[in-house]
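Welcome, and take a moment to turn the model around before reading on. The notes below are meant as a first guided look.

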Amino acid sequence: MNNTILKTQDLRKEFQVRVGFLQKERKITAVDNVNLNILQSETIGLVGESGCGKTTLGRILAGLLSPTSGRFFYKEKEITEIGKKKNKQIRREIQMVFQDPFSSLNPRMTVSDILSRPLKVFKIGKNAKERTNMVLETLESVGMKSEHMSRYPHEFSGGQRQRIAVARSLIVNPDFIILDEPTSALDVSVQAQILNLLLDIKNNFQLTMLLITHDLSVARFQCDRIAVMYMGRIVEISDKEALFNSPAHPYTRILLTSIPRTDPAQRREKAVSTGEVPSLLNPPSGCYFAPRCPLKMDICERSAPELKRVNKHQTCACFAVENKR
Amino acid sequence: MAFSLKRKYDDLEQEISGLPVGSYSQLVFKKFLKHKLACLGAVVLITLIIFTFFGPLFVETAYDDMDFSAIFAPPLSENHFLGTDEIGHDVFVRIMYGGRISLLVGIVSSVVSTIIGLIIGLISGFLGGIWDELLMRFVDVMLSIPLFPVLLILSLVFGSGVFSIIMVLTVFGWMRVTRLVRGMTLSLRESEYVMASKTMGQNQVMIILKHILPNVIPIVIVTTTLNLSYAILSESSLSYLGLGIQPPMPSWGNMLQGSMSYILGTSTGHNPWWLTFFPGFLIFITVLNVNFLGDGLRDALDPKFVSES
């Protein structure tokens with residue numbers, strides 16, 4: 001059960017940015033030496049604020065971007081160069097669901113075209129009839145009906161579109177699905193439906209999922225483990241219960257107190273974070289969180305902490321937490 | 001399990017029979033038929049093409065036959081249905097012959113330049129990087145060439161004729177389409193359905209054909225119809241400059257051009273309005289109906305468009 005399905009090794013992605021018209025190109029590090037192990041059949045959450053590199057990491061793993069340096073392994077095969085033809089099988093096994101269901105479906109294709117496209121790409125199914133049947137079965141497994149097959153995406157609501165997008169990634173029978181904020185473009189009531197759907201699918205199809213989200217309650221509902229990202233670095237990876245009960249990294253603590261509570265008795269004291277998020281163009285030396293950290297020490301400004309095991313359920317990159325042990 | 005699968009297959013048969021029948025192209029055709037103006041446009045254009053291409057076969061008068069007994073004969077006069085011009089050319093015959101050339105020049109040059117523009121725009125927008133840079137600078141160069149001096153030189157090099165005018169209109173007509181298509185391709189390339197397609201390892205040619213082209217085509221159709229009217233009209237001004245159709249061979253454009261000097265009446269006291277009216281009217285009818293046709297095609301290709309009837 002505890003087999004690693006996907007493993008990254010010092011994965012790094014830099015982008016060139018031109019700040020002003022006459023200025024030199026500068027580079028920003030969107031994903032900074034990420035080491036992440038994803039285990040078979042788990043759902044791992046990747047949380048963090050906007051612009052922290054969650055989506056970039058997801059896109060690297062999906063093969064949409066190639067990393068600047070570092071490697072990653074899928075089922076112990078190195079697939080850093082995912083664009084190569086020999087990795088076609090892996091392309092089938094790793095699928096991605098995108099954030100915005102209004103732009104992830106081609107408006108000029110019917111649902112059955114959209115769903116049978118992947119089958120044709122991977123040459124699954126002997127003939128049109130067999131493929132149609134697979135399309136129908138997959139549609140039903142995401143709670144849609146056969147009469148939807150001949151319709152166009154604009155005839156559906158956001159939630160239905162996201163179901164179609166999920167069906168598109170399921171139809172090729174993948175092992176690993178990357179979900180890039182699958183609910184953030186939807187109404188709250190519809191979010192719950194999609195989340196329940198994802199839970200069902202995961203159990204029925206024995207899938208491993210990477211759920212990218214900025215919504216901690218979504219992560220709490222869905223995930224087994226959660227990785228917290230800050231400015232391109234992973235600062236904490238913990239089991240869900242441990243993360244919510246005793247967050248290790250000071251940034252995680254601040255994130256948790258930002259969840260709104262409906263019950264006034266449950267309101268936590270606001271953890272104080274001072275200052276702004278530093279610019280990725282001009283990152284601080286040492287720990288990126290140091291300028292805002294309530295537990296800052298001298299060493300934090302000089303060197304960057306590495307992910308270290310705190311206890312059985314938690315790993316964390318923080319000198320203050322290391323010292324406390 | 002076997003039972004449930006069986007049930008699904010049975011359902012499938014029934015459900016498929018209940019779907020709106022027909023392939024994508026059949027559905028587009030059905031939608032097009034519902035668009036009345038577009039059907040009118042198609043019928044009128046086909047009629048015009050038949051009239052101009054096959055009409056001359058049934059008429060004995062040639063376009064350069066002169067009837068000196070009937071100069072500036074008005075329409076509906078004996079032997080000359082639409083009248084004659086200053087040297088006794090039969091206007092009706094010349095309209096048919098002229099239509100051959102005008103329609104040929106208009107349709108061929110606008111279609112070919114649109115296809116060239118479409119292909120270059122798709123390549124430029126989709127590949128990006130150095131290809132985009134090179135192709136777009138080339139477009140800039142083409143757009144900044146002052147047309148008329150070049151045309152005068154070209155007319156010396158290639159001489160006049162239908163072929164050279166089609167070539168000139170094509171060579172100088174594709175850039176707007178390219179810019180338009182490139183812009184759309186740039187934004188479509190970043191859309192999430194193209195991303196999704198990439199994660200599946202779909203190859204680039206198929207991405208262009210399946211995802212980008214269908215979304216670009218409607219706009220391109222509209223541009224083609226605009227280009228067609230532009231081509232028919234430019235043909236006349238180019239012919240005037242000596243590149244293109246030379247008298248006595250008629251085209252709608254040069255017939256219109258030729259009648260300009262009589263528009264206020266002649267020194268002999270004639271007022272040959274028919275020389276201006278008939279070629280002008282036919283150009284107008286053609287351009288109008290091409291636009292109807294283009295609108296109908298665009299709507300028929302758009303799945304979001306549902307006709308009101």
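## Before we start

This is a predicted model, in which local features need pLDDT of at least 70 and side-chain atom pairs count only at pLDDT 80 or more, while totals for chains, interfaces and linings use all residues. Residues are numbered from 1 along each chain as its sequence is written, and chains are lettered from A, with ligands numbered from 1, in the order in which they are written.

## Chain A at a glance

Chain A holds eleven helices and twelve strands; these are DSSP runs numbered from the N terminus, helices being H or I with at least four residues and strands E with at least two. Its C-alpha atoms fill a box of roughly 70 × 50 × 45 Å along the principal axes.

Of the 325 residues of chain A, 42% count as buried. A residue is buried if 20 or more other C-beta atoms lie within 10 Å of its own, exposed if 12 or fewer, and partly exposed in between, with C-beta atoms placed from the backbone.

## Chain B at a glance

Chain B has twelve helices and zero strands. With a radius of gyration of 25 Å, well over the 19 Å that the globule rule gives for 309 residues, chain B is more spread out than a compact globule. Its C-alpha trace spans about 95 × 50 × 30 Å along the principal axes, and 37% of its 309 residues count as buried.

Gly55(B) is partly exposed, because 17 other C-beta atoms lie within 10 Å.

## The nonpolar cores

A nonpolar core is a set of buried Ala, Val, Leu, Ile, Met, Phe, Trp, Tyr and Cys residues joined through C-beta atoms within 7 Å. The largest has 94 residues, and those with the most contacts inside it include Leu46(A), Leu210(A) and Val228(A). Leaving aside neighbours within four places in sequence, Val228(A) is in contact with residues including Val47(A), His249(A) and Leu255(A); contact means that C-beta atoms, placed from the backbone, lie within 7 Å. A second, separate core of 33 residues includes Leu151(B) and Leu243(B).

## Helix H6 of chain A

Which residues are buried in H6(A)? They are Gln191(A), Ile194(A) and Leu198(A). Seen down the axis of H6(A), the buried residues fall within an arc of 65°, so they line one face of the helix; the arc is that of the directions from the helix axis to the C-beta atoms. These buried residues pack against helix H5 (158-170) and helix H7 (216-222) of chain A.

The face turned away from the buried side of H6(A) carries the exposed residues Ser189(A), Asn203(A) and Asn204(A). Just after H6(A), Gln206(A) takes a positive phi of about 55°.

## Where the chains meet

In the interface, 27 residues of chain A are in contact with 22 residues of chain B. On the side of chain A that touches chain B, the largest share, four residues, comes from H4(A).

Conventions:
Contact = placed C-beta atoms within 7 Å. Rg over C-alpha atoms; globule rule 2.2 N^0.38 Å.
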